[in-house]
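Please look over the sequence and the model before reading on.

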Amino acid sequence: EPGVPEEVAVSKGAYKHVVIIGFDGAGAFFKDTDTPSCDAIFADQATTYKCLVGMPSMSAQGWGSILHGVLPEYHGLTNDIIKNTPYPANSPYPSIFKVVRGAMPEANLASFVEWNPINVGIVENGLDVEKGTGADDAEVTSRILAYLNGKTPTLMFVQFSSPDDIGESFGFGSDIYLATISTVDALVGSIYAKLKQKGLLDDTLVIVTADHGGIGKTHGGDTEAERHVFLGVAGKTVASGTIVDAESRDVAAI
């Protein structure tokens, strides 16, 4: 396009599929444990362990920012609200699902989560988003793999809960917590392998991140352990290196 820098022109419309995978409560603790799947996915791609989440550093606020592209003071979501309240269809801050549906009426949209309030109160109703919930992260993964056997997503969001659950029970940064992140990393590897098997990787942008971290057995505060999270972006147009000045709300724009 005239006047558009070459690197922008090349990347515009470069992907047919976007897959966003979230580790609830994993913060930046990826760097403290074995994550061979993410290491392989994001080798020579773009990453940071200092992506900043909004305040308070809680799940509804974090996932709301990731999926709606604004800080919590704008989307107004809390854990209590999203359990029973559908996200307003007339909000000035729509989710990426609504934006994509408006631009691509035939798009395949999917949201697979362990924590069902995301599908109740963060992802809008009436958009023909395939919503799936599992009793645990392994069941979520099984549902995703079954979905991918039959469909190819234009946009797919995935949320795994176990790091947050274990962190709140045994401590963020504890041995069992770090082992849980490694376990979820293996689930990510199985999803990535399915995308590869289907021949989709060349046209797929893969994003992995978290909604918050934790300190002790809690989160919600303004410490680095709670507010710094991993963000990895992988795709054929992604420049290798460290992402600077990233915020969780940037995921929606990406």
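The side chains of Lys83 and Asp80 meet in a salt bridge, with 3.9 Å from N to O, where a salt bridge is a side-chain nitrogen of Lys or Arg within 4 Å of a carboxyl oxygen of Asp or Glu. This is a predicted model, in which local features need pLDDT of at least 70 and side-chain atom pairs count only at pLDDT 80 or more, while totals for chains, interfaces and linings use all residues. Residues are numbered from 1 along each chain as its sequence is written, and side-chain values use heavy atoms, with hydrogens and water left out.

**Salt bridges**

- By the rule given above, the count comes to seven salt bridges.
- Lys83 and Asp80 both belong to helix α5 (residues 79-84), where they are three residues apart, about one turn of the helix; helices (H or I, at least four residues) and strands (E, at least two) are DSSP runs, numbered from the N terminus.
- Lys83 counts as partly exposed at 44% relative accessibility, whereas Asp80 is exposed with a relative accessible area of 59%; buried means under 20% relative accessible area, exposed over 50%, and partly exposed in between (1.4 Å probe, protein chains only).
- Glu130 and Lys151 form a salt bridge through their side chains, at 3.0 Å from N to O, and this pair links distant parts of the chain, with Glu130 in strand β4 (residues 129-133) and Lys151 in the loop between α8 (137-150) and β5 (155-160), 21 residues apart.
- Glu130 is partly exposed at 33% relative accessibility, and Lys151 is partly exposed at 38%.
- In the salt bridge between Arg227 and Asp222, the side chains meet at 2.7 Å from N to O; Arg227 counts as buried at 16% relative accessibility, while Asp222 is exposed, with a relative accessible area of 54%.

**Aromatic pairs**

- A search of the whole structure finds 10 aromatic pairs, where rings of Phe, Tyr and Trp (its six-membered ring) pair if their centres lie within 6.5 Å, and planes under 30 degrees apart count as stacked, over 60 as edge-to-face and the rest as tilted.
- Phe23 and Phe160 make an edge-to-face pair, with 6.5 Å from centre to centre and 85 degrees between the planes.
- Phe23 lies in strand β1 (residues 17-23) and Phe160 in strand β5, so their pair ties together parts that are 137 residues apart in sequence.
- Phe23 is buried, with a relative accessible area of 0%, and Phe160 is likewise buried, at 0%.
- Trp63 and Phe157 also form an edge-to-face pair, at 5.6 Å centre to centre and 70 degrees between the planes; Trp63 lies in helix α3 (residues 59-68) and Phe157 in strand β5, so this pair ties together parts 94 residues apart in sequence.
- One aromatic cluster is formed by Phe23, Phe30, Phe42, Tyr49, Phe160 and Phe230.

**Helix packing**

- The axes of helix α9 (residues 162-170) and helix α10 (residues 175-197) come within 9 Å and cross at roughly 175 degrees, which makes α9 roughly antiparallel to α10, a description used for angles over 145 degrees.
- Axes here are lines fitted to C-alpha atoms, for helices over the stretch in contact, and angles run from 0 to 180 degrees between N-to-C directions.

Definitions and conventions: Angles under 35 degrees count as roughly parallel, over 145 as roughly antiparallel, 65 to 115 as roughly perpendicular and the rest as oblique.
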